[in-house]
Amino acid sequence: DADRSHAETRGSEAMEMCDALGQPSTRAFVETVLATWRCLRGDFADAERRADVAVRLAAEQGMPHWHAQAQITRGWAIAGLGRAAEGAAITRAGIGALMGIGSKAGMTFYWGALAEAELAAGRIDQATTALEEAVRYMALSGERIHQAGLALIEAKIAVAAGQRDAAEDALARALAVAYQQEAGEIARRAKELRVQLDSPAFEPPRRDSATIPSVPEIGRAHV
């Protein structure tokens, strides 16, 4: 709760600065970052609203980088609001546009977003492929800011595939990394998923033989 409160304060301060500066590029950047954060905490309605603002500003000002990133977060939010197939398509297109201009920063978040959208659409194979891309990029780039989140996505895919043991293992890694990185939001969501798994009412889906990529713990090499 303290982390959320601090983040809300910093977000409000950033928006006040945007209003004071009156710079479309700064506003597009801040709106995109805040949309990403809102997606991570599950506030998809506000995330879509912020992403829409960033998309409009980027289109008006000719900023392809922010346009692509905002489209990714917009698709992520739309998927979270229940229009999973539509959101996955928008996110995938945004990733393609971002990579097309040579930008790669933040791709662990964006491939992870696509994995979650595809999973929400019931497409385990596509979700697994997107997670593979995220893990591969993390290993090549050293971008580990979303490592705990990727392990949580791995657990969700394992649950959907009916692989209970794999889900438990991924959840343990997600929590371990989240505690090391002080990623409170990811830790909270991982605990919620563990409670669901431990519930007597939980009925695992039919087991799927999909091979799910493993997100390593901090300090472990991933090949």
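Arg83 is partly exposed, with a relative accessible area of 36%, where buried denotes under 20% relative accessible area, exposed over 50% and partly exposed the range in between (1.4 Å probe, protein chains only). The structure is a predicted model, in which local features need pLDDT of at least 70 and side-chain atom pairs count only at pLDDT 80 or more, while totals for chains, interfaces and linings use all residues. Residues are numbered from 1 along each chain as its sequence is written, and side-chain values use heavy atoms, with hydrogens and water left out.

The side chain of Arg83 meets that of Glu86 in a salt bridge, at 3.1 Å from N to O. A salt bridge is taken as a side-chain nitrogen of Lys or Arg within 4 Å of a carboxyl oxygen of Asp or Glu. Glu86 is also partly exposed, at 37% relative accessible area. Side chains of opposite charge can pair when their charged atoms come close. Over the whole structure, the search returns 24 salt bridges.

Another of these pairs joins the side chains of Asp19 and Arg27, with an N to O distance of 3.6 Å. Asp19 is exposed, its relative accessible area being 56%, and Arg27 is partly exposed at 26%. Both residues belong to a network of salt bridges that links Asp19, Arg27, Glu31, Arg38, Asp43, Asp46, Arg49 and Arg50.

A salt bridge of 2.6 Å, N to O, is formed by the side chains of Arg188 and Glu192. These two residues lie in helix 10 (residues 184-198), four residues apart, which is about one turn of the helix. Helices are DSSP runs (H or I, at least four residues), and strands are runs of E of at least two residues, numbered from the N terminus. Arg188 is partly exposed at 30% relative accessibility, and Glu192 is partly exposed at 38%.

Helix 4 comprises residues 64-80; at 1.5 Å a residue its 17 residues should span 24 Å, and its end C-alpha atoms are 24 Å apart, in agreement. The expected span is 1.5 Å times one less than the number of residues. The buried set consists of Trp66, Ala68, Gln69, Ala70, Gln71, Ile72, Thr73, Gly75, Trp76, Ala77, Ile78 and Ala79. Their cover includes helix 2 (24-41), helix 3 (44-61), helix 5 (84-100) and helix 6. Contact here means heavy atoms within 4.5 Å. Helix 4 is followed by Gly82, which has a positive phi near 105 degrees.

Glu48 is located in helix 3 and counts as buried at 17% relative accessibility. With neighbours within four places in sequence left aside, Glu48 is in contact with Ala77, Ile78, Leu81 and Arg83. Ala77 and Ile78 are among the buried residues of helix 4.

Helix 8 (residues 147-160) has 14 residues, which at 1.5 Å a residue should span 20 Å; the end C-alpha atoms of helix 8 are 20 Å apart, which agrees. Since 12 of the 14 residues are buried, helix 8 is largely enclosed by the rest of the structure. Among the buried residues are Leu150, Leu152, Ile153, Glu154, Ile157 and Val159. The buried residues of helix 8 pack against helix 6 (107-120), helix 7 (124-141), helix 9 (164-181) and helix 10. Just after helix 8, Gly162 adopts a positive phi of about 75 degrees.

Arg164 is found in helix 9 and is partly exposed at 33% relative accessibility. Arg164 and Leu197 are separated by 33 residues in sequence and by 8.3 Å in space, C-alpha to C-alpha. Not counting residues up to four places away in sequence, Arg164 touches Leu197, Asp198 and Phe202. A polar atom of the Arg164 side chain lies 2.8 Å from the backbone oxygen of Leu197.

In the loop between helix 9 and helix 10 lies Glu182. The phi of Glu182 is near 60 degrees, a positive value in a residue other than glycine. Most residues other than glycine have a negative phi. Glu182 is exposed, with a relative accessible area of 68%.

Terms used:
A polar contact is a pair of N or O atoms within 3.5 Å; within protein, one must be able to donate a hydrogen and the other to accept it, and residues adjacent in sequence count only if both atoms are side-chain atoms.
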